[in-house]
Amino acid sequence: MNDLEADVYLLLLQEDALTGYKVGKQLGKPTANVYKALDSLAKKGAVLVEDEKNRRCKAVSIQELCDLVEAGIQRKTRQARELFQQPKRETYDERSYQLQSVDLVLSRCRQMLRNCTTIALLDLFPKLVKTLRPDIDQAIDRGIEVYLQVYQPVEIRGAKLTVLDMPQVLAYWQSQQLNLVIDGKEHLLALLSGELSEVYQASWSRNLYLSAMLHMGFSNHFTVNCIRQLGGDKAYETKVEQLLEQQSILSSGKIPGVGEMLARFGLSKERVDS
């Protein structure tokens, strides 16, 4: 609805039935514009028009109107799926794209986690941990290795976690950060408003080189933070060695995207596998 239609509908919700003339008088709007608004509302199913000379109008209840709108959206969605069928053979696109919708950012993140085959690296601010928690859990349940850097303590069964419990970071940004790399082959970087209502910056790509390099960079950062958080006990040296061994695997050709990048840009498959 436009502003006038909304005003007309709200007035009719509060009245029994009114002519267009009386609606215009009460709203202080030109009668011709009010009649156009009523005609539009009738076509949208928001008002009923009396089958008499006076043609008084009565508002449909908000519940019935919402049901109509939801049914219409579902119908149009089905029609869109039928009309815009995906090609059977989708080309592999390595360009980078800007995302300007919060819903699209979250949807693409969830899709990436569903499509992940081996390993996912995430860097998430608190609200996004809560928002994406079910999707992270599902990825872990499928056997995906999930490495997660967070900024407040949280327990996620099966995830390899590092916690940067640094309130000054969150206070400085006053926003919500989402970084995700899957399989070293696809990445999503996003900075959203604190209320998750606006996209400040967001970029998604399947660029192999960029994704593989981001994977290695994020994994290095993850490992450094894990080492920083180790206690100085007798097992310190052993723990550091284990983390460095883990990092050598995370940066090796065993990661799908890293292996593919090395093979594509110079190394033979035999050397990558080794």
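Asparagine 207 touches Glu94 and Lys185, leaving aside residues up to four places away in sequence. The model is predicted. Asparagine 207 sits in the loop between strand 9 (199–205) and helix 8. Is this residue buried or exposed? Asparagine 207 has 19% relative accessibility, so it counts as buried, the cut-off for buried being under 20%.

**Overall form**

The protein chain has 11 helices and nine strands. Its radius of gyration is 27 Å. The globule rule gives 19 Å for 274 residues, and the value for this chain is well over that, so the chain is more spread out than a compact globule. Along the principal axes, the C-alpha atoms fill a box of roughly 90 × 45 × 30 Å.

How much of the chain is buried? Buried residues make up 40% of the 274 residues. The protein chain exposes about 16800 Å². Carbon and sulfur atoms supply 51% of that area.

Contacts can be sorted by sequence separation. Among those between residues at least 6 apart, 59% join residues at least 24 apart.

The charges come next. The protein chain carries 35 positive and 35 negative charges. Their mean positions are 4 Å apart.

**Aromatic pairs**

The count comes to five aromatic pairs. Two of them are set out here.

| Pair | Centre to centre | Angle between planes | Class |
|---|---|---|---|
| Tyrosine 147 – phenylalanine 222 | 5.3 Å | 80° | edge-to-face |
| Tyrosine 209 – phenylalanine 265 | 6.4 Å | 85° | edge-to-face |

Why does the pair of tyrosine 147 and phenylalanine 222 count as edge-to-face? The planes of the two rings stand at 80°, and the class calls for over 60 degrees. Tyrosine 147 lies in strand 5 (residues 145–150) and phenylalanine 222 in helix 8 (residues 208–228), so this pair ties together parts that are 75 residues apart in sequence. Tyrosine 147 is buried, and phenylalanine 222 is buried as well.

The pair of tyrosine 209 and phenylalanine 265 also links distant parts of the chain, 56 residues apart. Tyrosine 209 belongs to helix 8. Phenylalanine 265 is in the loop between helix 10 (256–264) and helix 11 (269–273). How accessible are these two residues? Tyrosine 209 has 44% relative accessibility, so it counts as partly exposed. Phenylalanine 265, at 53%, counts as exposed, the cut-off for exposed being over 50%.

Definitions and conventions:
Residues are numbered from 1 along each chain as its sequence is written. This is a predicted model: local features need pLDDT of at least 70, side-chain atom pairs count only at pLDDT 80 or more; totals for chains, interfaces and linings use all residues. Side-chain values use heavy atoms; hydrogens and water are left out. Helices (H or I, at least four residues) and strands (E, at least two) are DSSP runs, numbered from the N terminus. The radius of gyration is taken over C-alpha atoms; the globule rule is 2.2 Å times the number of residues to the power 0.38. Buried means under 20% relative accessible area, exposed over 50%, partly exposed in between (1.4 Å probe, protein chains only). Contact means heavy atoms within 4.5 Å. Accessible areas come from the Shrake-Rupley method with a 1.4 Å probe; for residues, only the protein chains shown count as cover. Lys and Arg count as positive and Asp and Glu as negative; His and the chain ends are not counted. The place of a charge is taken as NZ of Lys, CZ of Arg, CG of Asp or CD of Glu. Rings of Phe, Tyr and Trp (its six-membered ring) pair if their centres lie within 6.5 Å; planes under 30 degrees apart count as stacked, over 60 as edge-to-face and the rest as tilted.
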